[in-house]
Amino acid sequence: MEIKKKVWPEYFQMILNGKKKFELRLADFEIKEGDVLILEEFDPETNTYTGRKIKKKAASIIKFNPTRMHRIEEIKKFGFYIIELK
């Protein structure tokens with residue numbers, strides 16, 4: 001299945017350059033391993049798509065609920081790191 005999602009310009013460029021090899025998304029859609037994400041560059045300042053797109057295959061998917069591990073106040077105060085392991 002192909003799934004279209006918006007990506008802000010700075011993150012789009014990181015994906016394009018090969019620096020960003022992960023996605024953090026609200027789990028408000030269905031996805032499984034092997035599905036293809038069509039990542040469309042979207043400028044939040046102009047509220048428009050730029051026309052650039054990248055296709056990436058979902059290699060692995062981990063769904064989690066951060067409120068099971070942390071209080072909402074902690075999440076609001078600290079946020080999260082996304083750490084790629086090598």
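**Exercise 1.** Find the ring that lies under the charged end of lysine 6.

Solution. The charged end of lysine 6 sits over the ring of phenylalanine 42, at 4.2 Å from its centre. The criterion is that NZ of Lys or CZ of Arg is within 6 Å of the ring centre and within 35 degrees of the ring normal. Lysine 5 lies over the face of phenylalanine 29, 3.9 Å from the ring centre.

The model is predicted: local features need pLDDT of at least 70, side-chain atom pairs count only at pLDDT 80 or more, and totals for chains, interfaces and linings use all residues. Residues are numbered from 1 along each chain as its sequence is written, and side-chain values use heavy atoms, leaving out hydrogens and water.

**Exercise 2.** Classify the pair formed by the rings of phenylalanine 42 and tyrosine 49.

Solution. Step one: rings of Phe, Tyr and Trp (its six-membered ring) pair if their centres lie within 6.5 Å; planes under 30 degrees apart are stacked, over 60 edge-to-face, the rest tilted. Step two: the structure holds one aromatic pair. Its ring centres are 5.0 Å apart and the planes stand at 70°, so the pair is edge-to-face.

**Exercise 3.** State whether phenylalanine 42 is buried or exposed, and do likewise for tyrosine 49.

Solution. Buried means under 20% relative accessible area, exposed over 50%, partly exposed in between (1.4 Å probe, protein chains only). Phenylalanine 42 has 7% and is buried. Tyrosine 49 has 43% and is partly exposed.
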